[in-house]
Amino acid sequence: MKIRLLSVLLILLVTNPLVSYSQFFKRPSKKVLLRQVDSLLKRTDSLEQALLGFQIPVNDSILLENEINEGGFEANGDEFYYGDDSLSTEQKLSIYYHQNALNRMGLDVTLEALDSVQYTSGIPDSVYIQRLSDMNSFIKLPYNPIVKNHIIHYTQKMPEKISTILGLAQYYMPIFEEVFDAYDMPLELKAMAVIESALNPRAVSRARAKGMWQFMYRTALSYKLTINSYVDERLDPIVSAHAAARYLMDSYRIYGDWILAIASYNCGTGNVNKAIRRAGGSREFWDIYPFLPRETRGYVPAFVAALYTMRYYPEHQIKPAPIEMPAHVDTFEVNKMLHFEQITALLDIPIDQIRDLNPQYIKDVIPGQERTYVLRLPFECSGEFAAREQEIYSFKDSVYFNPLIIKTMETASDTQITHRVRNGETLSNIAGKYGVRIADIKYWNGLRSDRIVINQRLIIHTNRETAPKASDVRTASASSGSSSSSTQGNLVRHKVRPGETLGGIAEQYSVSAANIRLWNNLRGNTIYAGKTLKIYSRGVSVTSTDDRYEYYTVRSGDNLWGISKKLGVSVDDIRALNGFGSSPKIFPGQKIKVKKI
């Protein structure tokens, strides 16, 4: 039968000159292929948007960096950012010193690569196996060549870093044990903070996961962590530990296995579910191991190694570094506006120590007027604080909480981030990740279509209340002239210097890049050195002038070096113009001379 059909087909080809070979096997043109690609992209985007609209449960979705973090124990310079490295001379051995010291200890190999290297040790495998067994862990601790690599990595390859972490662990681990005990969860879960952040409460990963427990923005909000202009509870080790415990409990209810719950903390339940399906439905970690994201494969072995190291460091001749932290801490409920400098002005306590105990207050301000917040102080200072509490609240309150200063602090909050597009990402899942609209992302970045490319950098505003919106600009342009709010503030003319970017200039003046584009009729983010930009600064004037000098109004957190860098003048010039000594004190609201006219 097949032979007859082939014969008929050949006869038709030979006898019919109108039907050519090329017509039977015609290849689509480039134009047709591009049209098909565009059609598929539109369908994919609309499907993803529909899924986001229906809010598919997290355990049924494959999420891209939408969970806790990207993982990674190694805190190299590119991986973590620390907001403030200043140290007083009295605190050279303080916790903050050690947390920043972690950044300077580079590693020769990342944890993801430990499944391919072969480390050797003078300790027999039987000893490692016996020690893990003797730990009597509620969570099963496996042992194989990959786990062995991680143990050797922790105990032999980075002694200085582990010494610092062990010193921090003596302070933080009892706190975390108490948290997990309150939820009736295995106390061994405390070791996850070591892998997440090396016990640094101010750690920020390249994916913008923050804090000791490395929460992403959306996940933090879903677990009731407060994030606003003054407070980021992801940086509070205790509050974020409670959120981490709730997340892990939710994951455990899905899998009934603590090892899988630990893996999901790193890559999300969606990726764990995907690995389970690819492994034929097996829920054994080592069965799904090859199908997990690469950084997650090393997460569970690192967890085992961290637990082992915290238990058996004396056998490896490792000594915890001395950490200067108060042995006892008291907590106070604050229901008024309170600045850390009000406390340090009247009590004998360095401001760095207050910051170490209260890292969640990102502007050194506790906004107690909106709701009650907690302040932690060393036990030896608690009696004097209680006795002088009202005096502390009223100390220079008109200076610290002047409405103009408050407005400046709010608008200068860290709400603008830069997202680098990765393979497979679309505008719709980037919008879903940050909880914003596709139209707003296009507006913030001057995009005319939904097409983006790998490694493209996108400006994202994570604060929904203060972020500029595309609809606002359409309304403004529809009215006569421009919206009064779009040009509200003091007009400043900024001359672009070599190396400056639109985002950096926007951050300098506490405005959005989108508004700078609007004020200057820019279509994209490209600017050139020498171009003059019109900028309407918000709230407090950046600079003002009289007949002789240009003045700068000091903002909270300013110092002379930062002001000089911002305005393109030298520190020595500012000192000379204002008669300052070598270590002058400046305060918010103060006007200082910065330039002769």
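Student: Are D232 and R234 buried or exposed?

Tutor: This is a predicted model, and the answer here is computed from its atoms. A residue counts as buried when its relative accessible area is under 20%. By that cut-off, D232 and R234 are both buried.

Student: How far apart are N and O in the salt bridge of D232 and R234?

Tutor: A salt bridge requires a side-chain nitrogen of Lys or Arg within 4 Å of a carboxyl oxygen of Asp or Glu. The side chains of D232 and R234 meet in this way. Their N to O distance is 2.9 Å.

Student: Which residue is linked with D232 and R234 in a network of salt bridges?

Tutor: The pair D232 and R234 belongs to a network of salt bridges. The structure as a whole holds 14 salt bridges. The residue that is linked with D232 and R234 in the network is K210.

Student: How many residues apart in sequence are the parts that R376 and D236 tie together?

Tutor: The side chains of R376 and D236 form a salt bridge, at 3.3 Å from N to O. R376 lies in strand β4, residues 373–378, whereas D236 lies in the loop between α9 and α10. The pair therefore ties together parts whose separation in sequence is 140 residues.

Student: What is the relative accessible area of D236?

Tutor: Both partners of this salt bridge may be considered in turn. R376 has a relative accessibility of 10%, so it counts as buried. D236 is buried as well, and its relative accessible area is 3%.

Student: Is R437 buried or partly exposed?

Tutor: R437 forms a salt bridge with D440, and their closest N and O atoms are 2.9 Å apart. D440 has a relative accessible area of 5%, so D440 is buried. R437 has a relative accessible area of 39%, and therefore R437 is partly exposed.

Student: How many nonpolar residues are in the contact of α7 with α10?

Tutor: From α7, the contact includes Y172, I175, F176, V179 and F180. These meet P237, I238, A241, H242, A245 and L248 in α10. By class, the contact of α7 with α10 has one polar residue and no charged residues, and the number of nonpolar residues is ten.

Student: How many charged residues does the contact of α5 with α15 have?

Tutor: In α5 the contact is made by Y128, R131, L132 and D134, and in α15 by V304, Y308, R311 and Y312. Five residues of this contact are nonpolar and no residues are polar. The number of charged residues is three.

Student: At roughly what angle do the axes of α22 and α23 cross?

Tutor: L427, S428, I430 and A431 in α22 meet I438, I441 and K442 in α23. The contact of α22 with α23 has five nonpolar residues, one polar and one charged. The helices α22 and α23 are roughly perpendicular to each other. Their axes come within 9 Å and cross at roughly 100°.

Student: How far apart in space are G368 and E333, C-alpha to C-alpha?

Tutor: G368 is placed in the loop between β3 and β4, and at 4% relative accessibility G368 counts as buried. Leaving aside residues up to four places away in sequence, G368 touches V334, N335, K336, M337 and Y373. G368 and E333 are 35 residues apart in sequence, and their C-alpha to C-alpha distance in space is 8.6 Å.

Notes. Residues are numbered from 1 along each chain as its sequence is written. This is a predicted model: local features need pLDDT of at least 70, side-chain atom pairs count only at pLDDT 80 or more; totals for chains, interfaces and linings use all residues. Side-chain values use heavy atoms; hydrogens and water are left out. Contact means heavy atoms within 4.5 Å. Helices (H or I, at least four residues) and strands (E, at least two) are DSSP runs, numbered from the N terminus. Ala, Val, Leu, Ile, Met, Phe, Trp, Tyr, Cys and Pro count as nonpolar, Asp, Glu, Lys and Arg as charged, and the others, Gly among them, as polar. Buried means under 20% relative accessible area, exposed over 50%, partly exposed in between (1.4 Å probe, protein chains only). Axes are lines fitted to C-alpha atoms, for helices over the stretch in contact, and angles run from 0 to 180 degrees between N-to-C directions. Angles under 35 degrees count as roughly parallel, over 145 as roughly antiparallel, 65 to 115 as roughly perpendicular and the rest as oblique.
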